[in-house]
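Hi,

Here is the structure I promised to pass on. Have a look at it first, and then read on for what turned up.

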Amino acid sequence: MANLQIVPKVGEEIQHSSHPQHPLTLVFAQSLYTCSGCKEYGAGLRYRCNKCNLSMHDFCAKAPPTIHPYHAQHNLVFHNKPAGLKKPKCGVCGKATNGSAFRCSICSFCIHPCCLQLPPELTLKEHPQHSLKLLSASPLPNNSPYTCNSCNKKGTTWVYYCVPCEFYLHALCAKGVINGLQAQGISAPPKMSRVARAARYASQVVRIFVNGLVEGLGEDVGDVILDIVTREVVPTVADGGAKRGSR
């Protein structure tokens, strides 16, 4: 994929349209963060607002308005926000675009800013004998699923492939090279299950509701209600989801 050739310097300050109230400063830290732009993980270099505890990939912060590599038939337009409730999947890694992304208004092609940074060839420490070439589909006959040598999961999305060794690395795993996780020795946290997400959302709804009662009932009474409801309601949501999934 085409690299945008951005070489920022630590300490540089920028103004970003998604966060106009404060400047963002380029810093380096080894810790894991979630980009406020694309909502994906990152580590190492980032633009940060210390007042708001906000971090953003350097390539998200410096993304151009339009670009068209690997989608030469139409321009891809950068959008700061996702496209409605049904978030389109990235045409490269196959995962949902939960935040900022490049989208084609004509044919609905969509791509994460991080995936746009993937180079046409990649050399890995785990496979130093040959470079891997980026392919837009499975190299197997009839687009049959390949097995990624990194995560051992099957896939049909874009993949890095070594022909002599039949070594596969799907784009999702390759993103760790781009977003700084691999360089900092960090593994992306496991994906939250549907039951866990439901429990988290239920807890958030309950807290919002109870916070609205606190002013009228007093802080002590509100804390008691919050403790009771989160202890009873949230586990019920999780248990219900588990039972439905076990059928």
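Y161 counts as buried because its relative accessibility is 13%; buried means under 20% relative accessible area, exposed over 50% and partly exposed in between, with a 1.4 Å probe and protein chains only. Before going further, please note that this is a predicted model, in which local features need pLDDT of at least 70 and side-chain atom pairs count only at pLDDT 80 or more, while totals for chains, interfaces and linings use all residues. Residues are numbered from 1 along each chain as its sequence is written, and side-chain values use heavy atoms, with hydrogens and water left out.

Back to the rings. The structure holds three aromatic pairs. Rings of Phe, Tyr and Trp (its six-membered ring) pair if their centres lie within 6.5 Å, and planes under 30 degrees apart count as stacked, over 60 as edge-to-face and the rest as tilted. Y146 and Y168 are stacked, because their ring centres are 5.5 Å apart and their planes are at 10 degrees. This pair links distant parts of the chain, with Y146 in strand 11 (residues 146–147) and Y168 in strand 14, 22 residues apart. Strands here are DSSP runs (E, at least two residues), as are helices (H or I, at least four), numbered from the N terminus. Y161 and Y168 also form a stacked pair, at 4.8 Å centre to centre and 20 degrees between the planes.

Where does E166 sit? Its place is in the loop between strand 13 and strand 14. E166 is exposed, with a relative accessible area of 53%. Leaving aside neighbours within four places in sequence, E166 is in contact (heavy atoms within 4.5 Å) with N149 and Y161. From E166 to N149 is 9.5 Å, C-alpha to C-alpha, and 17 residues in sequence.

**Strands and sheet**

In total the protein has five helices and 14 strands. Four of the strands form an open antiparallel sheet in the order 1-2-3-4, where two strands pair if DSSP finds at least two bridges between them. Strand 1 (13–16) and strand 4 (54–56) are the edges, each pairing on one side only. Three bridges join strand 3 (residues 41–49) to strand 4, and R48 has S55 as its bridge partner in strand 4.

Elsewhere, a hairpin connects strand 9 to strand 10 through two residues. These two strands run antiparallel and are joined by three bridges; E121 has K133 as its partner in strand 10.

**The cores**

The largest nonpolar core has 26 residues, and V92, F102, I111, L118, Y160 and L169 have the most contacts inside it. Such a core is a set of buried Ala, Val, Leu, Ile, Met, Phe, Trp, Tyr and Cys residues joined through side-chain atoms within 4.5 Å. Elements that each supply at least two of its residues include strand 9, strand 10 and helix 3 (171–178). A second, separate core has 14 residues, among them L26, C38, A61 and C114. Over the protein as a whole, buried residues make up 36% of the 247.

Cheers
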